[in-house]
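Please find below my notes on the model you sent, arranged as numbered points.

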Amino acid sequence: MFLAASGNVTQLYVIGQSGQIDFNGRLDQKDIVQAGAVLLDEGLIVPLAGRLKLIPLGSGRKSVQDWLAPVGDKPTPPWKFLLRLDTDEVLTCHAGGLLTRIQVRMTDVPHLAEAAKIQLDHPVDIAPVQREDSILVAEADGSVRQLNWRTFDREGLRTMAAPVRGAWSIGSSWLVWSGDSKLQLVAEGRDLPVQWTFALNDLEPVGAPIEENNQLWIACRNGTVVVIDPKQGHEIGRRQIPQALTMGLKRLDGSLFAVACDGALYRLDAVAGQ
C-alpha cells in the first residue's frame with residue numbers, strides 16, 4: 001500500500017502486507033503527488049506535476065533521472081493513473097487521455113524514458129486493466145479498447161451503452177460494469193463480443209470480483225455479496241452483510257472475507273448456498 005501525506009513537506013509511506021511501514025521518505029513542499037505511485041524493482045515511481053520521479057528503496061541503489069513532460073504552450077494535464085506493466089515498465093495515463101509506456105533504463109546515466117505513447121479520443125475515467133501483454137482501457141464516451149501494451153496496437157473495440165464504471169480481468173475475458181447498471185463479460189476479439197449480461201439493478205460493485213470454486217463473487221456497496229456463474233452469467237446465490245462494504249472481498253489464509261466500511265471482516269462460505 002502507498003500513502004502520501006501533504007503538509008509542510010510531502011511524506012511518503014510504503015506499507016507491507018504485515019501492516020508495517022517498509023519505507024518512508026520525503027519530497028519537497030512544492031512536490032504534490034497527483035496519483036497513486038507504482039513499485040518497480042528499482043524503486044517507487046511517483047507521479048508529480050509535469051514529471052515522474054523514481055525513489056530508490058534501500059541503500060546502495062543508483063539515483064535515476066526524472067522523466068520530464070515535454071514543454072508546450074499549455075500546462076501538462078495532471079496524472080490520473082499509473083499501472084505496473086513489468087519489473088521495469090509502467091503505464092501512465094493523464095487527464096487528457098494520453099497513455100505512455102515508461103521504462104527504467106539503468107544505463108551509465110540511469111533514467112526514466114518514454115518507450116511508446118498513444119493519444120486517445122477521450123479521457124479515461126477508470127484505471128486501465130492488464131492481462132499478460134494486453135490492457136483494457138475504458139474511455140469517457142463508453143468505448144472500451146483492448147490494446148497491446150508494448151506497441152499500443154488495437155486488438156479489440158466495443159462501445160458500451162453507457163460510460164464504464166469498472167473493469168476487471170476474469171480468466172481470458174474482461175468483466176465490464178457500465179453506467180446502465182449492467183455487468184457484461186466480453187471475450188477477446190476484434191469487436192470484444194459479449195458472452196453474457198447480468199442486470200445489477202440498484203447494486204454497485206466495490207473492489208475486484210474474486211473467482212472461487214468456479215463461481216464469481218462480487219461485493220456491493222449496500223452489503224450484498226452476489227455469486228454468479230462465470231460461464232453463463234446467471235445468479236447462483238447471494239449473501240447480505242449487515243454493513244456497507246467499501247473494500248470489496250479479500251482472500252486471507254485460504255478463506256474469503258468481505259471488508260465492511262469500519263474495517264470489520266465477514267467470513268463467507270466458499271460455496272454459494274451453504
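**Notes on the model**

1. Arg84 has Val90 as its bridge partner in E9. The two strands concerned, E8 (residues 79–86) and E9, run antiparallel and are joined by six bridges, and a hairpin of two residues leads from E8 to E9. Strands, here and below, are DSSP runs of at least two residues marked E, numbered from the N terminus, and two strands are taken to pair if DSSP finds at least two bridges between them. The model is a predicted one, in which local features need pLDDT of at least 70 and side-chain atom pairs count only at pLDDT 80 or more, while totals for chains, interfaces and linings use all residues. Residues are numbered from 1 along each chain as its sequence is written, and side-chain values use heavy atoms, with hydrogens and water left out.

2. On its other pairing, E9 is joined to strand E10 (residues 98–105) by five bridges, and these two strands also run antiparallel. Leu91 has Arg101 as its bridge partner in E10. The hairpin of E9 and E10 has three residues between the strands, and in it Gly97 takes a positive phi near 90°.

3. How many of the six residues of strand E9 are buried? Six of the six residues in E9 (residues 89–94) are buried, so the strand is mostly covered, where buried means under 20% relative accessible area, exposed over 50% and partly exposed in between, with a 1.4 Å probe and protein chains only. In a regular strand the side chains alternate between the two faces of the sheet. In E9 both faces are covered, with Glu89, Leu91 and Cys93 buried on one side and Val90, Thr92 and His94 buried on the other.

4. Side chains of opposite charge can pair when their charged atoms come close. A search of the whole structure finds 17 salt bridges, a salt bridge being a side-chain nitrogen of Lys or Arg within 4 Å of a carboxyl oxygen of Asp or Glu. Salt bridges also link Lys30, Asp31, Arg51, Lys53 and Asp66 in a network.

5. Arg145 deserves a separate look. The side chains of Arg145 and Asp121 meet in a salt bridge at 3.2 Å, N to O. Because Arg145 lies in strand E14 (residues 143–148) and Asp121 in the loop between strand E11 (111–119) and strand E12 (129–131), the pair ties together parts that are 24 residues apart in sequence. Arg145 also forms a salt bridge with Glu139, the closest N and O atoms being 2.4 Å apart. Arg145 is buried, with a relative accessible area of 13%, and Glu139 is buried at 2%, whereas Asp121 is exposed at 61%.

6. Turning to cysteines, the count of disulfides comes to zero, a disulfide being a pair of cysteine sulfur atoms within 2.5 Å. Cys220 is in no disulfide, and the nearest cysteine sulfur, that of Cys261, is 15 Å away. Cys220 is buried at a relative accessible area of 0%, and Cys93 is buried at 1%.

7. Is Ser178 buried or exposed? Ser178, which is found in strand E17 (residues 173–178), is buried, with a relative accessible area of 1%. The side chain of Ser178 makes a polar contact with the side chain of Asp180 at 2.4 Å; a polar contact is a pair of N or O atoms within 3.5 Å, where within protein one must be able to donate a hydrogen and the other to accept it, and residues adjacent in sequence count only if both atoms are side-chain atoms. Leaving aside residues up to four places away in sequence, Ser178 touches Met160, Ala162, Pro163, Val164 and Arg165, contact meaning heavy atoms within 4.5 Å.

8. Lys250 lies in strand E24 (residues 245–252) and counts as partly exposed at 35% relative accessibility. Not counting residues up to four places away in sequence, Lys250 touches Ile210, Ser255, Leu256, Phe257 and Val259.

How values were computed. Helices (H or I, at least four residues) and strands (E, at least two) are DSSP runs, numbered from the N terminus.
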